[in-house]
Amino acid sequence: MAGREIVIVSDDSSLLGLLESEFRSCGFSLSRRSALSDIIQAVNAGPLLMLIIDLDISSQPPWDAIALIRADPKAGRLPLVLISGRHTVPRQVISGLRLGAAEYVVKPFDSKVFVARVEALLAAIEHERVDVILSDVRMPGLDGFGLLDALRAAGNPTPVILLTTFDEP
């Protein structure tokens, strides 16, 4: 199921079993990981749609590890869903969302509803995706080549067409 893979980090085998079954029935492949440190390796191994992290893998919310994942050029671009049954007070939910989570789901939850929410989130993201960038070579503060360099440095593969309206020798 290339291109339909989601990585989930959790040590909850019953949750993993339920979600894997639901995601598979919707055409997704769920790649299980047991540690946050495995995420970067999973992202570099192939194209992924999303990251799901069960915060209950540690007694304290792993905000530092999540911040490192969000700072990674590839992993940081993927939608992130956080789930937890332990870290559910508003300040923890807000912290997770401020770290870049697209969604923060509190356990227990219905696995069918969860998968439907993930599908809706992915559909919204796909709808917002840019197919091509059209830019002038000469813009105030940043030229088109600088824009292209910045996009590539951030790991953004979107095609860019650079235009100009003048000739230079």
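Six helices and seven strands make up its secondary structure, where helices (H or I, at least four residues) and strands (E, at least two) are DSSP runs numbered from the N terminus. The model is predicted, and local features need pLDDT of at least 70, side-chain atom pairs count only at pLDDT 80 or more, and totals for chains, interfaces and linings use all residues. Residues are numbered from 1 along each chain as its sequence is written, and side-chain values use heavy atoms, with hydrogens and water left out.

Of the 169 residues in the protein chain, 37% are buried; buried denotes under 20% relative accessible area, exposed over 50%, and partly exposed the range in between (1.4 Å probe, protein chains only). The chain exposes about 9700 Å², of which carbon and sulfur atoms supply 56%; accessible areas come from the Shrake-Rupley method with a 1.4 Å probe, and for residues only the protein chains shown count as cover. Among contacts (heavy atoms within 4.5 Å) between residues at least 6 apart in sequence, 65% join residues at least 24 apart.

The largest nonpolar core contains 20 residues, and those with the most contacts inside it are Ile39, Leu51, Ile53 and Leu82. Two or more residues each are given to this core by β1 (5-9), α2 (39-45), β3 (50-54), α3 (63-71) and β4 (80-84). A nonpolar core is here a set of buried Ala, Val, Leu, Ile, Met, Phe, Trp, Tyr and Cys residues joined through side-chain atoms within 4.5 Å. Another core, lying apart from the largest one, has 18 residues, among them Leu30, Ile52, Val81 and Val115. In soluble globular proteins, nonpolar side chains tend to be buried together.

Leu82 is located in strand β4 and counts as buried because its relative accessibility is 0%. With residues up to four places away again excluded, the residues touched by Leu82 include Ile53, Trp63, Ile66, Gly96 and Tyr104. The C-alpha atoms of Leu82 and Gly100, 18 residues apart along the chain, are separated by 9.9 Å.

Gly100 follows helix α4 and has a positive phi, near 110 degrees. In α4 (residues 90-98), the buried residues are Gln92, Val93 and Gly96. These residues fall within an arc of 100 degrees when seen down the axis of α4, so they line one face of the helix; the arc is that of the directions from the helix axis to the C-beta atoms. Packing of the buried residues of α4 is against α3, β4 and β5 (103-106), whereas the face turned away from the buried side carries the exposed residues Pro90, Arg91 and Arg98.

Helix α6 (residues 144-153) has Gly144, Leu147 and Leu151 as buried residues. They cover an arc of only 55 degrees around the axis and are therefore on the same side of α6. The buried residues of α6 pack against β6 (133-136) and β7, while exposed Asp149 and Ala153 are carried by the face turned away from the buried side. Strand β7 (residues 160-163) includes Ile161, which counts as partly exposed because its relative accessibility is 42%.
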